[in-house]
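Here's a quick briefing to read alongside the model. Have the sequence and the 3D view open as you go through the points.

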Amino acid sequence: YTGDRRCVCSMMSLELGTTPFKFLKLASFAPLISAQRVVCPKCGSSRKYFCYTCYVPVGISPDCIPTVKLPLPVDMYVLYKKQFPRSRKERRFLLIKHRLERVGKSTSAHARVLSPDSVNIHIYPDIPSYPDKTKVFLLYPSSDALSLESLLARETKEGSLDSNGSSAAKKQCLQRLPCDRLVLIDSTWSQAKRIAADERLSDIPRLQLEQAETLFWRPQRKPNHYLATVEAIYYFFKQLHELQDGRPYEGQYDNLLYFFAFQYLLIHKSDKMK
């Protein structure tokens, strides 16, 4: 489209109101609409919107991109492949990527760019050690995976028994985060099954999300509740907030889907124009 970009922005905002994202509190897409493909200042690769190997906005001022603070206090070591930039900064959230996964098509980069202080990406088979695996959970659908609601109910029951079952103790247990670290696998589903069976991950308790369906545009043979990576992170924190706080969700984590929703609009707009 070569017309006035303000017109395009208006059209995109209007289309958002007819999509599944219409109730989300997303930042303006105007910076993305006006963005041009440029060279990443870190790796020198041609990128648009953000660099999916350096995890930085490209062609857009970082101040124009929303950031999301995640509440999960996770300590972790940062390990990268040699061609990835190194950082000693601690982050709170762990994603494990398969080396063969095409990084340009992955949504894990969305989460890393939008939540740089909370999300970290390790390249499989580089997996940090977990001294206490009882407080680490792998978000991965399986027959032995707990739902968030079941996990919180178990934690609340055990905590209230230790505190003589007082209502104050139950409330305090419910508000306590159920884990110290959360791990996701970002790969194709066939690769994910092999990674989940890795002996360093196989004994980590599993969690799975309920009442969430994917809006990912790439065809998949799995059921609709098999989510894209950034969708899984979004729904995890949204559901955790709703279950723990007992307060209405007010969009605290909606911008995790900022790039995802924008790409959804672009793809569906392109399909309509064909």
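Tyr55 is buried, at a relative accessible area of 5% (buried means under 20% relative accessible area, exposed over 50%, partly exposed in between, with a 1.4 Å probe and protein chains only). Keep in mind that this is a predicted model, where local features need pLDDT of at least 70, side-chain atom pairs count only at pLDDT 80 or more, and totals for chains, interfaces and linings use all residues. Residues are numbered from 1 along each chain as its sequence is written, and side-chain values use heavy atoms, with hydrogens and water left out.

**Positive phi**

- Tyr55 isn't a glycine, yet its phi is positive, about 60 degrees.
- You'll find Tyr55 in the loop between strand 3 (49–51) and strand 4 (56–58); helices (H or I, at least four residues) and strands (E, at least two) are DSSP runs, numbered from the N terminus.
- Gln211 also has a positive phi, near 55 degrees, and is a residue other than glycine.
- Look for Gln211 in the loop between strand 10 and helix 7; Gln211 is exposed, at 83% relative accessibility.
- For background, most residues other than glycine have a negative phi.

**Salt bridges**

- Searching the whole structure turns up three salt bridges, each one a side-chain nitrogen of Lys or Arg within 4 Å of a carboxyl oxygen of Asp or Glu.
- Lys133 and Asp203 pair up through their side chains, 2.9 Å from N to O. This pair ties together distant parts of the chain, 70 residues apart: Lys133 sits in the loop between strand 6 (119–123) and strand 7 (136–139), and Asp203 in the loop between helix 6 (189–196) and strand 10 (206–208).
- Lys133 is partly exposed at 21% relative accessibility, and Asp203 is partly exposed at 49%.
- Arg200 and Asp198 make a salt bridge at 3.1 Å, N to O. Arg200 is partly exposed at 31%, whereas Asp198 counts as buried at 12%.
- Glu242 and Lys238 form a salt bridge too, with their closest N and O atoms 3.0 Å apart. Both belong to helix 7 (residues 229–245), and because they are four residues apart, about one helical turn separates them.
- Glu242 is partly exposed at 33%, while Lys238 counts as buried at 19%.

**An exposed loop serine**

- Ser143 belongs to the loop between strand 7 and strand 8 (146–147), and is exposed, with a relative accessible area of 84%.
- Between the C-alpha atoms of Ser143 and Arg206 there are 9.2 Å, with the two residues 63 apart along the chain.
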